Amino acid sequence: MLLAIRMTSPPLPAKSFRQIPEHLACAPNDKVRTNPVMQPTASGELYLSIENLWKAFGDFLALKDISLDIKESEFICFLGPSGCGKTTLLRAIAGLDLQTKGTIMQDGKDVSSLPPSERDFGIVFQSYALFPNLTIEKNIAFGLENAGRSKSEIAVRVQELLDLVGLPDQGKKYPAQLSGGQQQRIALARAIATNPGLLLLDEPLSALDAKVRVHLRHEIHELQRKLGVTTVMVTHDQEEALAMADRIVVMNHGVIEQVGSPTEIYREPVNLFVADFIGEMNQIQSTVIEGGRLSVGEKTFACHDHTFTDGDLVVAAIRPEDVIPHEDGYQPSAQNQNCIDVLLHEMEFLGSFWRCRLQNERFGQSELIADFSINAVRRLGLGAGNNMVIELPADRLMAFERPEVG
Amino acid sequence: MSVSSTELSQLPAGPNVKGKLSRDDLVMRGGMAVIALYLIVTLALPLYTMLSKSFSTYQVQLSQYEFQVSDEDGIYDGTIFTGTELNNTTGVYDHTDLSTGADGRLPVSKFFPDFSFRSSVMYQLRNTAEGGRFLVGSTLHDSTEWLEVDSNTFRRVQLRPVKARGIDNFVNYFSTPALFNSIKNSLWISLLSTVVTVSLAFWFAYALNRSCMRFKGLFRLVAMAPILVPSLLPGIALVYLFGNQGMLKELLFGASIYGPIGIVIGSVFFTFPHAFLIISTALAISDGRLYEAATSLRASPWRTFWTVTIPGARYGLISAAFVVFNLVITDFGLPKVIGGQFNVLAVDIYKQVIGQQNFEMGAVVSVILIIPAFFAFGIDRMVQSKQVSSLTARSVPFEPKPNSKTDSLFFVYCSIIGLFIIGMLAVCQFAALIKFWPYDLSLSLNNYQFDKMDGGGWGSYFNSIKLGLLTAVVGTSIVFFGAYLVEKSNGFLVGRAAFQMLAMLPMAIPGMVLGLAYIFFFNNPSNPMSGIYGTMAILVICSVTHFYTVSHLTAVTALKQMDREFESVSASLKQPTMKLFSRVTVPVCMPSVLDISIYLFVNAMTTVSAVVFLYSPKTSLASIAVLNMDDAGDIAPAAAMGMMIFYTNAAARIIHLIASKGLLAKTQAWRKR
């Protein structure tokens, strides 16, 4: 099952660089770079539309002019460090914490000022929030009551949901008698019991231990596909977001930094924050010179397209898995000037690949980190203390604005 | 701040989004408004009325009256005297005569030295200002027309005072040594009792938490017993022990138990459980790792005690001190029984109101009594809010190690305290069963024939049970629901903060003060609720309000442990919040709900101070009967009734325990894994 999901969903954890074939690299997309609030790429009707949302807590602005469109059946992840406003945005969509300004349209209806009970959503919290004194059955049935359903109808629906989340015979137990992962599945069953149009997940996996988390994230993902319910999940775990989302909304300091599919976010980050927050990224201080090339010391590199002008101070960035290893004394072709001699300072065996720390006086004090496949290391006979040549492929070497110091 | 204000300036212009209130929001705010209104009507308004009463003075305004006198033929020479002129010439009334109470009356015939009621001289008088008042016989005249009366009628003319605002009452109070000496008395009695109780309770709690002596459970039980009796019961026991015909009178070497000695001993008795509970909690949560560190650093036990134990328990000690101080200074029953000629503030209120019918002065003493009580309360709250953070999740509970020497020392100490507590109760029980102390020591149940005594008889006992049950049911419902609304509703921050403040207020208000405030507020004929005066309803309301704060805090603590998101989940499932409340919140919080009800029941059974002004012959209470029978000299029946309260409360506690266990088994099955 775990394998299946890897195959069907393009996003991959940062560390499994071997599994990203080079042909998957995306072509540059200027639109993404200039307009972080991108229109949805998934097919389907527009379901949720957030326009110019602001939220102030006292003097603090938690959300600044957020606009976002979500299509029907999409799985959206809000991803960002703690305090970035992702949970605030989710709670605004639910009506639990009303936004200060801005509108939210759900299914063609303006829900901006409606209380939660008059909106259409199911929600799952990190704490599960299962009612401790009610059995699992009664927990799931809680939202089904008072809606004209007969007792037997409710019982049938509850059993259906228990089957759906894979806990068919746990109905008579109390929440405290289940494991964390089981409890979260019950919370999910309770949230979807009434067939809401929108499913909101507030860090649903954060309270679980690592193995359960991976397992359950796959199940939630599959369930979402099966039900086709539009889903918004808040998470601070990039791996989770990459594995589950159709589109990821990367947030920081109350603004959206980038919206895009997991591959877009990973391969084509629009700025250094996104690049650094998702996956790992080597950062080298450099300057733009004529022809858009980047200079690091006296050495110049060709790089991915960018919009900087000559003399701009930038950060050159490349992911560890994008560094290509060559043997010592390797002579690149005349066109390829992106090769550089380095000292292989340290090697760390991480199971499926080697993490290598590379030194060159042009990088200053910092070391360049590169992940080399076991094959490559064996083929080139690499070892700590060796000299070698590495290539920073032009289409993987990106230039970003330098962050303001302080 | 400058940074954040520029942040806010980024907000686009235009109105903010205003949320529509759901039906649940409206229900919850409505409910909160109702309970807030309850607290305003039963607490804030009566207190305000009392405060204004303490500043209302009654002055006879002599300048507002004019008089004319005829000769013996009934002919007036046209001379008009004002009351002031007449008083200046004759000097019959001085300042204190003129500033009088609401019922003050001033005869005017004394202004005329030649007055004789048989004379044929005629008199005319009038008010010069609107609102002036004088009586002829019992007829009130407030017009400015001249009124002619003959001499015989004139002797029945009395001037009535006019209501005014001022600090005269306070000036009066502080110029009467008999009154303001009580402040000093109250303060030092409370301080002394506090020091004694806290020291005794500390070592008792220390023994129970930090030693391996035997019978800890029994000692804990005994220590809590005084909570079950009215504070005047130890007074009665002391009378039997050290009174004029006391069993152990010689031990006092001629000193009298009636006075400060009796009050302090009795206060130590009835405040002991409160201090013990607080200090015991503080000692129980201390971190065992600190002691391990101290041992590994080779610190002496003495040094460890002062550097680890005392600092760890300091908040508990301070808190206990203020609670005890507050209990003693506001207590009325004990000094009433054993205080003798030694005046304290709480008894002064009673004496002024019941004895002298001087309500204004009662209000003044009340205002003065509130000040130290308020102060103690405020500091206690401050200290308790600090204590919360002292324990971390990684703390390790302290495990005492057996030490035969100190263990037996502590055992002896605890036995002495335990004997003191049981002894006091036993003396009362013994006294209740003796025919006529000290002359006829044969056993009898005569003292239980309450119907033959002053104080309301068995009826008052059953009234007390009724009051206890009603207070428990009504109070628990109001308090828990109110706490839920304020804890779990959305938005409306100002309203919720105001509600919290209102809920904390009763703790700072002494019972006597609350009772007196109720008289002023509810006994006013122009108050539409004056109908409840003298009924069971006002006693229930008064008790619920009096004991509101502790109940509220218990409920809030329980509710805070509930997941914050239950309400969100329920709303997302389109279920009414009240369904969540009844299906989940109440069952989960059932242990706390039961704790609140037993707390209210026990306190309603034992309270004297708040209800002493409010009971009527039909609604006399057991605790009041104890007071009244003691007052009437029926001390043995008073002891008997006091012990009835004890047994009832003990039984209630046992029922509470059984009910909790049974209920827990049913509703808290989920707690078991």
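Visitor: Which exposed residues are on the face of helix 18 of chain B turned away from its buried side?

Guide: A residue is buried if 20 or more other C-beta atoms lie within 10 Å of its own, exposed if 12 or fewer, and partly exposed in between, with C-beta atoms placed from the backbone. Helices (H or I, at least four residues) and strands (E, at least two) are DSSP runs, numbered from the N terminus. Here, the face turned away from the buried side carries the exposed residues B:L493, B:V494, B:A497 and B:M501. This is a predicted model, in which local features need pLDDT of at least 70, side-chain atom pairs count only at pLDDT 80 or more, and totals for chains, interfaces and linings use all residues. Residues are numbered from 1 along each chain as its sequence is written, while chains are lettered from A and ligands numbered from 1 in the order in which they are written.

Visitor: And which residues of helix 18 of chain B are buried?

Guide: They are B:F499, B:L502, B:A503, B:P506 and B:M507. These residues cover an arc of only 165 degrees around the axis, which puts them on the same side of helix 18 of chain B; the arc is that of the directions from the helix axis to the C-beta atoms.

Visitor: How do I read a phi value?

Guide: Most residues other than glycine have a negative phi. In this model, B:R298 has a phi near 60 degrees, a positive value in a residue other than glycine. B:R298 lies in the loop between helix 11 (288–296) and helix 12 (301–330) of chain B, and is exposed, with 7 other C-beta atoms within 10 Å. B:Q357 is not a glycine either, and its phi is positive, about 55 degrees. The place of B:Q357 is the loop between helix 14 (345–355) and helix 15 (359–387) of chain B; with 12 C-beta neighbours inside 10 Å, B:Q357 counts as exposed.

Visitor: Is B:V513 buried or exposed?

Guide: B:V513, found in helix 19 (residues 511–522) of chain B, is buried, with 28 other C-beta atoms within 10 Å. Two residues are in contact if their C-beta atoms, placed from the backbone, lie within 7 Å. Not counting residues up to four places away in sequence, B:V513 touches B:S366, B:L369 and B:I370. B:V513 and B:V367 are 146 residues apart in sequence, yet 7.9 Å apart in space, C-alpha to C-alpha.

Visitor: How many residues does each chain bring to the contact of chain A with chain B?

Guide: Chain B brings 34 residues and chain A 37 residues. On the side of chain B that touches chain A, helix 22 of chain B gives the largest share, five residues. For classes, Ala, Val, Leu, Ile, Met, Phe, Trp, Tyr, Cys and Pro count as nonpolar, Asp, Glu, Lys and Arg as charged, and the others, Gly among them, as polar. That side of chain B has 14 nonpolar, 11 polar and nine charged residues.

Visitor: What is the mean pLDDT of chain A?

Guide: pLDDT is the predictor's confidence in each residue, from 0 to 100. Chain A has a mean of 85, and 89% of its residues reach 70 or more. Over residues 1–42 of chain A, however, the pLDDT is below 50.
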